[in-house]
Amino acid sequence: MADLAERLDQMEEAIKKPTFRQSSGRANEVNYWVFDYPPEQELEVRERIKYMQNRNSKGNEEFELVVFDLYDIIIDFLKENDFLEDCYKFEKKKGLEKITKAVSNSMKINDDDSLIVQHIKDNTPDNAVVFLTGVGKCFPILRSHKVLNNLHQSFVKAPVVMFFPGVYNEQELILFGEIKDDNYYRAFKLVK
């Protein structure tokens with residue numbers, strides 16, 4: 001595999017192509033992509049995404065780059081509903097597994113009408129490229145294959161790139177290179 005900087009350069013070039021922003025992928029699939037990377041290089045990936053956002057905000061590109069940090073979406077939901085402090089207390093009292101389930105249920109994370117999917121749908125303009133980040137920060141509340149499955153069923157407005165700290169071989173997602181998620185094969189690997 002090429003080094004990360006080279007792969008990030010290739011990713012940038014790929015999303016700039018007008019063909020990338022067409023509504024369907026190679027086999028008439030929805031345009032979903034995964035950019036996997038070594039988890040220890042998370043900060044480098046974040047910096048590149050921030051750089052790309054800043055450059056894109058100047059309006060010189062033919063599309064709008066929209067970045068959704070999944071962790072921030074969860075935290076914002078908890079704050080807006082005054083649940084954050086209760087979550088700390090609940091986790092201390094009941095444990096990580098119970099709070100994970102409670103947050104997941106309150107946000108309908110595993111449902112077709114997931115609040116995360118609705119947030120992405122409501123906040124994506126026309127002619128956009130969507131980046132999903134924060135996957136590692138969300139574990140174990142949010143499983144990446146669930147987000148992709150729920151989005152895949154209802155969101156075809158723009159290409160989606162999930163930045164995944166681990167390994168994706170177009171069959172399975174392995175978070176942090178260690179935690180196997182359910183199989184997911186509808187997305188394409190953006191850069192080999």
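Q: Which helices each supply at least two residues of the positive patch?
A: Welcome to this predicted model, where local features need pLDDT of at least 70, side-chain atom pairs count only at pLDDT 80 or more, and totals for chains, interfaces and linings use all residues. Residues are numbered from 1 along each chain as its sequence is written, and side-chain values use heavy atoms, with hydrogens and water left out. Helices (H or I, at least four residues) and strands (E, at least two) are DSSP runs numbered from the N terminus. The patch draws at least two residues from each of helix H4 (84-94) and helix H5 (96-106).

Q: Which residues form the positive surface patch?
A: A patch takes residues with over 30% relative accessible area (Shrake-Rupley method, 1.4 Å probe, only the protein chains shown as cover) and no salt bridge (a Lys or Arg side-chain nitrogen within 4 Å of an Asp or Glu carboxyl oxygen). Like charges are joined within 9 Å, with the place of a Lys charge taken as NZ; Lys and Arg count as positive, while His and the chain ends are not counted. One member, Lys 98, sits in helix H5. The patch is formed by Lys 93, Lys 94, Lys 98 and Lys 101.

Q: How many bridges join strand E4 to E5?
A: Two strands pair if DSSP finds at least two bridges between them. Strand E4 (residues 160-168) and E5 run antiparallel, and Gly 166 stands opposite Leu 175 in E5. The number of bridges joining them is three.

Q: Which residue in the turn of the E4 and E5 hairpin has a positive phi?
A: Most residues other than glycine have a negative phi. The hairpin has three residues between its strands. A positive phi of about 65° belongs to Glu 170.

Q: Is Met 162 buried or exposed?
A: Met 162 lies in strand E4. Buried means under 20% relative accessible area, exposed over 50%, and partly exposed in between (1.4 Å probe, protein chains only). Because its relative accessibility is 0%, Met 162 counts as buried.

Q: Which residues of strand E5 point the other way from Glu 172 and Ile 174?
A: Strand E5 covers residues 172-175, and all are buried. Glu 172 and Ile 174 point one way. Pointing the other way are Leu 173 and Leu 175.

Q: What is omega for the peptide bond from Phe 139 to Pro 140?
A: Pro 140 is found in the loop between helix H7 (135-138) and helix H8 (144-154). The bond from Phe 139 to Pro 140 is cis. Its omega is near 10°.

Note on methods
Patches are made of residues with over 30% relative accessible area and no salt bridge: like charges are joined within 9 Å, nonpolar side chains (Val, Leu, Ile, Met, Phe, Trp, Tyr) within 5 Å.
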